[in-house]
Amino acid sequence: MAPLTRTYRRTGPRGARIPERQGGYRPEHIPAFLEERWYQEHLAPLQIDAEAKSVRRLAAVLLVQQASGRAQGDAADFLGINPPGGQFVATGTLLRWLRDGQDAFNAVLHDLAEELDRATDPTNYQRRREVLRSWSLSSEIWNEIITRLPPVPGPVRPNLDDRVRQEASAFVRAYVTGGEPLFAPRHVEAEQPPEVRQVWRERRANTWFQLSRPDALNHYTALCRLLCQHGDALIEKIESGTSMPIR
C-alpha cells in the first residue's frame, strides 16, 4: 500500500506527489477512530486485539493518507488526532508487530478501502467534526438531560457538575463524529482555572470508563442512553443541513 510504504507516483514537471489510488471514498468519509464493524470484519482476524485502539487510529490515518496523499502527520491533523506539539505515531508494540505482519495488514486495509469505495451513501465525518469543533453541551441542555435521569436510591447523590458536563460533551462528540473522547475539544474545561483543569484531567478516565463499560451502574446506563439520544438529534440536524444553531 503506497501510504504505508511511503511510495507515491510522481507526476508533473516538479515531481509533485499524488497517491497511487484515485477515486472512490474521500478523506472526509473516514472517522478518526475506525468504525467498530470495520475493525471487527477486517482487522480483528489479525489477532492484535491488545493493540486494538492503536490499530483503529492507525488504520484511519492510513485510509486518509491513501485517499489524499498527505503525510501521516497531516492525515492525523485532518482527523484531529495529532497531539499538540507532537507527531502522530503508532505505539511501539504495534510497530514491532508490523515488522512481520505488514503484508497481512496492508491486504486487509486494501480490502476495507475497496469496501468503502463501493459505499453508495458514505457518512461525511469531516462535516460532523467541523460543525462540532466549537460545540459543547450548554448548561441549559445539560440540566434538561440530567433532570430526565431516574432517581438514585440512598443518601449519596451522583456528581453531575460541570466536570461531568465536560466529559459528557466529549462522549457525545465522539459518538457523533466516530472519534474518541480523548481528542474532543474541551471548551468547558478551558474556562476553569489551572488547578481545576488539573483535577479534571486526573478524573476524566474514570468517567469515560463508567460511560462506556458494558456493565455500567443504572445511573450511568441511563445517562449514556440520554447522551446518545442527544447525539442522534445532533446527527439529524447536521445531516439535514439545518441552519439552526447546533446545541
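# A chat about helices and salt bridges

Student: How far should the 19 residues of helix α10 span?

Tutor: At 1.5 Å a residue, helix α10 (residues 194–212) should span 27 Å, and its end C-alpha atoms are 27 Å apart, which agrees. The expected span is 1.5 Å times one less than the number of residues. Helices here are DSSP runs of H or I with at least four residues, while strands are runs of E with at least two, and both are numbered from the N terminus.

Student: Where do these numbers come from?

Tutor: This is a predicted model, in which local features need pLDDT of at least 70, side-chain atom pairs count only at pLDDT 80 or more, and totals for chains, interfaces and linings use all residues. Residues are numbered from 1 along each chain as its sequence is written, and side-chain values use heavy atoms, with hydrogens and water left out.

Student: OK, back to α10. Where is the kink centred?

Tutor: On Arg203, with a kink of about 40°. The bend at a residue is the angle between axes fitted to the seven residues ending there and the seven starting there.

Student: And which residues of α10 are buried?

Tutor: Trp200, Arg204, Thr207, Trp208, Gln210 and Leu211 are. Buried means under 20% relative accessible area, exposed means over 50%, and partly exposed is in between (1.4 Å probe, protein chains only).

Student: What do the buried residues of α10 pack against?

Tutor: They pack against α8 (162–177), α9 (187–190) and α11.

Student: Let's look at α11 then. Is Cys224 buried or exposed?

Tutor: Cys224 sits in helix α11 (residues 218–240), and it counts as buried because its relative accessibility is 19%. Cys224 touches Phe171 and Leu211, leaving out residues up to four places away in sequence; a contact means heavy atoms within 4.5 Å.

Student: New topic! How many salt bridges are in the whole structure?

Tutor: A search finds ten. A salt bridge is a side-chain nitrogen of Lys or Arg within 4 Å of a carboxyl oxygen of Asp or Glu.

Student: Which residue forms one with Arg37?

Tutor: Glu41 does, and the closest N and O atoms are 3.0 Å apart. Arg37 is partly exposed at 42% relative accessibility, and Glu41 is partly exposed at 46%.

Student: What about Glu239? Which residue is its partner 3.2 Å away?

Tutor: That is Arg127, counting between the closest N and O atoms. This pair links distant parts of the chain, with Glu239 in helix α11 and Arg127 in helix α6, 112 residues apart. Glu239 also meets Arg128 in a salt bridge (3.1 Å, N to O). Glu239 lies in helix α11 and Arg128 in helix α6, so this pair ties together parts that are 111 residues apart in sequence.

Student: Is Arg128 buried or exposed?

Tutor: Buried, because its relative accessibility is 9%. Beyond its neighbours within four places in sequence, Arg128 has contacts that include Thr123, Val176 and Ile235.

Student: Last one: where does pLDDT stay under 50?

Tutor: Over residues 1–16. pLDDT is the predictor's confidence in each residue, from 0 to 100. The protein averages 86, and 86% of the residues score at least 70. Where pLDDT is low, the predicted coordinates should not be read in detail.
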